[in-house]
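Thanks for coming, everyone. Let me put the model on the screen, and then I'll walk you through a few spots.

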Amino acid sequence: MTEQKVSLTGIKPTGAPHIGNLLGAIQPALKLTEQYRGVYFIADYHSLTSEKNGETLRESTYQGAATWMALGLDTEKNVFFRQSDIPEVCELAWILSCFCGMGLLKRSHAYKDAIANGKEPNHGLFAYPVLMAADILLYETNVVPVGKDQKQHVEMCREMAQSVNHHYGADTLVVPEPLIQEEVATVVGLDGRKMSKSYDNAIDIFLPSKKLRKRFMKIVTGSESLEEPKDPTQCHVFSLFKHFASQSEIADLAERYRGGNFGYGDAKQKLFEVYEEMIAPARQRYEDLLKNREEIDAVLRSGQQKARVIANCVLDRLRSRSGLGPAI
Ligand code: ADP
Ligand code: TRP
């Protein structure tokens with residue numbers, strides 16, 4: 001590894017990503033690669049806890065990979081791969097599971113939520129934090145940029161790493177820090193709630209132009225007449241517009257809201273235009289990549305090779321110290 005610190009994150013492939021993912025996760029993670037060496041992967045093993053259709057899972061993985069590539073992840077400088085291309089992570093997960101108390105796993109939010117909702121979780125869901133810890137520890141990660149929802153998992157990972165280090169020496173595993181990006185705003189969806197796949201209020205990043213416009217037109221707004229002045233701070237259209245427009249465009253639109261004789265339909269059109277202009281080149285690249293999967297395969301293969309080198313170095317050390325296989 002170079003001296004540069006490692007920032008690692010896993011992206012669960014669960015269908016086409018939306019604008020909330022773009023602003024809340026993808027753009028901040030891309031920004032971090034200016035300062036850290038990024039180790040980013042498509043977490044397909046994790047999706048398997050809920051997605052049992054093979055075609056869907058594979059398609060989502062390609063969509064996820066194409067998204068990051070189209071949005072400008074430098075796959076030469078960083079390490080970008082598919083989680084299941086490094087099955088060593090399962091070996092590390094097993095070792096870690098021997099250092100992880102049942103009590104710790106029972107306190108996991110995802111597991112507790114499943115139980116509270118009367119579901120019978122599979123073992124994969126129960127052990128989800130162990131696999132996630134293996135993801136993090138296998139690549140000597142220093143920081144893990146995550147949303148608040150994932151903070152608990154990183155803390156569990158730290159506990160597992162500390163327990164391993166207690167037995168085998170402090171230099172066995174690198175203990176990571178969570179990097180919670182407080183300043184990332186919650187992006188609102190069509191109905192003003194948090195944009196989320198599960199609320200059916202999301203706008204996919206790369207919707208084709210016509211569909212995109214239609215989707216923006218569905219944003220729920222107030223029912224004032226065209227003539228009435230409107231308050232931009234109360235409007236979901238304006239809230240989204242602010243993420244994509246320049247300061248002067250924002251000021252200009254706010255003035256139009258307040259001036260009256262400006263309808264929500266016009267505001268939606270402005271939002272569409274500013275987003276379309278920003279996204280069109282990346283969308284073209286995204287569509288090209290999905291038509292030419294060999295390019296994605298080649299990038300993931302090269303990422304696999306880079307990731308495997310680091311993974312085996314960490315695993316060999318751990319295997320040796322824990323008495324698995326011959327001493328080295
Ligand atoms: P969804 O709620 O649609 O299932 P995920 O939980 O898969 O989204 O989101 C992955 C990451 O994208 C989250 O950890 C979070 O950082 C970011 N994210 C998702 N929705 C939003 C949103 N509405 N605003 C800001 N960030 C978001
Ligand atoms: N659990 C994360 C999510 O649901 C995805 C993930 C898998 C991950 N492995 C990771 C995130 C390692 C950070 C680090 O979004």
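Start with a definition. Ala, Val, Leu, Ile, Met, Phe, Trp, Tyr, Cys and Pro count as nonpolar, Asp, Glu, Lys and Arg as charged, and the others, Gly among them, as polar. Keep in mind that this is a predicted model.

Now, the second largest pocket. How do the residues of its lining divide? There are 13 nonpolar, five polar and no charged residues. That lining has 18 residues in total. Nearest the centre of the pocket lie A93, H123, G124, A127 and L131. The space inside is about 370 Å³.

Which helices build this lining? Look at α4 (88-97), α5 (102-106), α7 (123-126) and α8 (128-137): each supplies at least two residues. The biggest share comes from α4, which gives four residues.

Next, the strands. Find β4, residues 143-146. V143 and P145 point one way from β4, while V144 and V146 point the other way. Buried or exposed? All of these residues are buried. Strand β5, residues 177-180, runs parallel to β4, and four bridges join the two. One place to look is V146, which stands opposite I180 in β5. To get from β4 to β5, the chain passes through helix α9, residues 151-168. That β-α-β crossover is right-handed.

Let's turn to two single residues. First, R82. You'll find R82 in strand β3, residues 79-82. Is R82 buried or exposed? The cut-off for buried is under 20% relative accessible area. R82 has 16% relative accessibility, so R82 counts as buried. Leaving out residues up to four places away in sequence, R82 touches I42, D44, T61, D297 and L300.

Second, Q63. This residue sits in helix α3, residues 54-70. Q63 counts as buried because its relative accessibility is 17%. Beyond its neighbours within four places in sequence, Q63 contacts G15, A16, Y286 and L290.

Last stop: the loops. D200 is in the loop between β5 and α10 (209-217). Its phi is positive, near 55 degrees, and D200 is a residue other than glycine. The cut-off for exposed is over 50%. D200 has a relative accessible area of 64%, so D200 is exposed.

N261 lies in the loop between α12 (247-259) and α13 (264-291). N261 is not a glycine, yet its phi is positive, about 55 degrees. With a relative accessible area of 57%, N261 is exposed.

That's the tour. Over to you.

Key:
Residues are numbered from 1 along each chain as its sequence is written. Chains are lettered from A and ligands numbered from 1 in the order in which they are written. This is a predicted model: local features need pLDDT of at least 70, side-chain atom pairs count only at pLDDT 80 or more; totals for chains, interfaces and linings use all residues. Side-chain values use heavy atoms; hydrogens and water are left out. Buried means under 20% relative accessible area, exposed over 50%, partly exposed in between (1.4 Å probe, protein chains only). Two strands pair if DSSP finds at least two bridges between them. A crossover is right-handed if, with the strands pointing away from the viewer, the path from the first strand over the helix to the second runs clockwise. On a 1 Å grid over the protein atoms alone, a cavity is a set of points where a 1.4 Å probe fits but cannot get out, and a pocket is an open set with protein on both sides within 12 Å along at least five of seven lines; lining residues have an atom within 4 Å of a point. Grid points are joined across faces, edges and corners, and a volume is the space filled by probe spheres set on the points. Contact means heavy atoms within 4.5 Å.
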